[in-house]
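The sequence and the structure are shown first.

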Amino acid sequence: MTEFTSLPDLAVRTLGGSVIAASDESFAEKENLINPWAPAFAPGTFGPKGQVYDGWETARRRAGGHDWALVRLGLPGVVRGVVIDTAWFKGNYPPRASVEACAVDGYPSDLSGADWVEIVPESPLRGDTAHLFPTRAERRFTHVRLNMVPDGGIARLRVHGEVVPDPRVLAGLTVDLAALENGARVIECSDMFYSSPDNMLFPGLARNQAEGWETARRRDGGHDWAVIRLAAPGVIRLAEIDTANLKFNAPAAAALQGLDARTAPLDAWRPLLPRTGLLPDTRHRFRLTTPEVTHVRLDIHPDGGIARLRLLGDMTPDGAKELAARYTALTQH
């Protein structure tokens, strides 16, 4: 699998993505494009519009032109790759597709005047296939437009990339330094057998245990861990370790360590929260007093699952400047 698919899907509905317009959705709704689950299909399931598809399907064009769908990214950022998945569309997939992107402030309803940039040139597609397209534009985008030529069905659109938050939203506030939407990422972990550790950093509450991070059962006497690169250098005031929905597979205990990678190597960990017992299906909150840190390591003993990790605190002045500088560099074109 191409490396970009390990990055967050900036368009997925669980991160706030939305399909805000489409040229046509006669057979299947445009909103299906950004569903978080793998496309499903049950043969012989016919509704008033024909076979039911877990995807977006348009009518057969007779007068030229092509179909399109407009997606507002849940998390604006730099797009590193796009997946156009025609799963289950075998006789009705589009032969070609392309993707454009733009960046706009606020919440506009009309993007006709936006500066659109082609990030995936018009490319051939096959039926029932996930097509992976790396992208190269070093810019922050807020919206993408999927063009399928001329018509047909596409099951999913995945837009993988690096989150670039707007520093104007975060300046001067207590923020979640571990939030994916603020630019944090899990950069390393011991195990991700059941689910990705980035899930811990998603917004909102986990609805089931699949929406958190869960490891395999350990049999070696060790313990599992994950390293989070914070959204910006900061001081943590409150840690929340949530085991919601994990009733029989929560860790017995957890600990937090931190470091400042600007002045120390990525193995010079200092304790932030000592090893502390956890309960199943519970939000645990711990007041902390920490030094400035850029990375945090969550240790779970011995294994299990964490639904959400929140690290609430203050960006340092230098951290706020770093965030603002990156935003400026990726928005001035």
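## Largest pocket

The largest pocket lies between domain 1 (4-163) and domain 2 (167-320), because both give residues to its lining; the domain bounds come from an automatic or database domain assignment. The model is predicted: local features need pLDDT of at least 70 and side-chain atom pairs count only at pLDDT 80 or more, while totals for chains, interfaces and linings use all residues. Residues are numbered from 1 along each chain as its sequence is written, and side-chain values use heavy atoms, with hydrogens and water left out.

The volume of this largest pocket is about 950 Å³. A pocket is here an open set of points on a 1 Å grid over the protein atoms alone, where a 1.4 Å probe fits, with protein on both sides within 12 Å along at least five of seven lines; lining residues have an atom within 4 Å of a point. Grid points are joined across faces, edges and corners, and a volume is the space filled by probe spheres set on the points.

## Lining of the largest pocket

There are 38 lining residues, and Asp9, His160, Ser196, Asn199 and Phe202 lie nearest the centre of the largest pocket. Strands S5 (67-85), S8 (130-134), S11 (156-163) and S13 (185-189) are the elements that give two or more residues to this lining, and S13 gives the most, with 5 residues. Strands (E, at least two residues) and helices (H or I, at least four) are DSSP runs, numbered from the N terminus.

By class, the lining has 21 nonpolar, 7 polar and 10 charged residues. Ala, Val, Leu, Ile, Met, Phe, Trp, Tyr, Cys and Pro count as nonpolar, Asp, Glu, Lys and Arg as charged, and the others, Gly among them, as polar.

## Second largest pocket

The second largest pocket holds about 530 Å³ of space. It is lined by 23 residues, with Pro76, Tyr107, Arg140, Asp166 and Val169 closest to its centre. Domain 1 and domain 2 each contribute at least three residues to this lining.

At least two lining residues come from each of S5, strand S9 (140-149) and helix H1 (167-170); S5 gives the most, with 5 residues. The classes here are 11 nonpolar, 6 polar and 6 charged.

## Helix H2

Helix H2 (residues 317-331) has 15 residues. Its buried residues (under 20% relative accessible area, 1.4 Å probe, protein chains only) are Gly319, Leu323, Tyr327 and Leu330. They cover an arc of only 75° around the axis, which puts them on the same side of H2; the arc is that of the directions from the helix axis to the C-beta atoms.

On the face turned away from the buried side of H2 are Pro317, Lys321 and Ala329, which are exposed (over 50% relative accessible area).

Definitions and conventions
Expected span 1.5 Å × (residues − 1).
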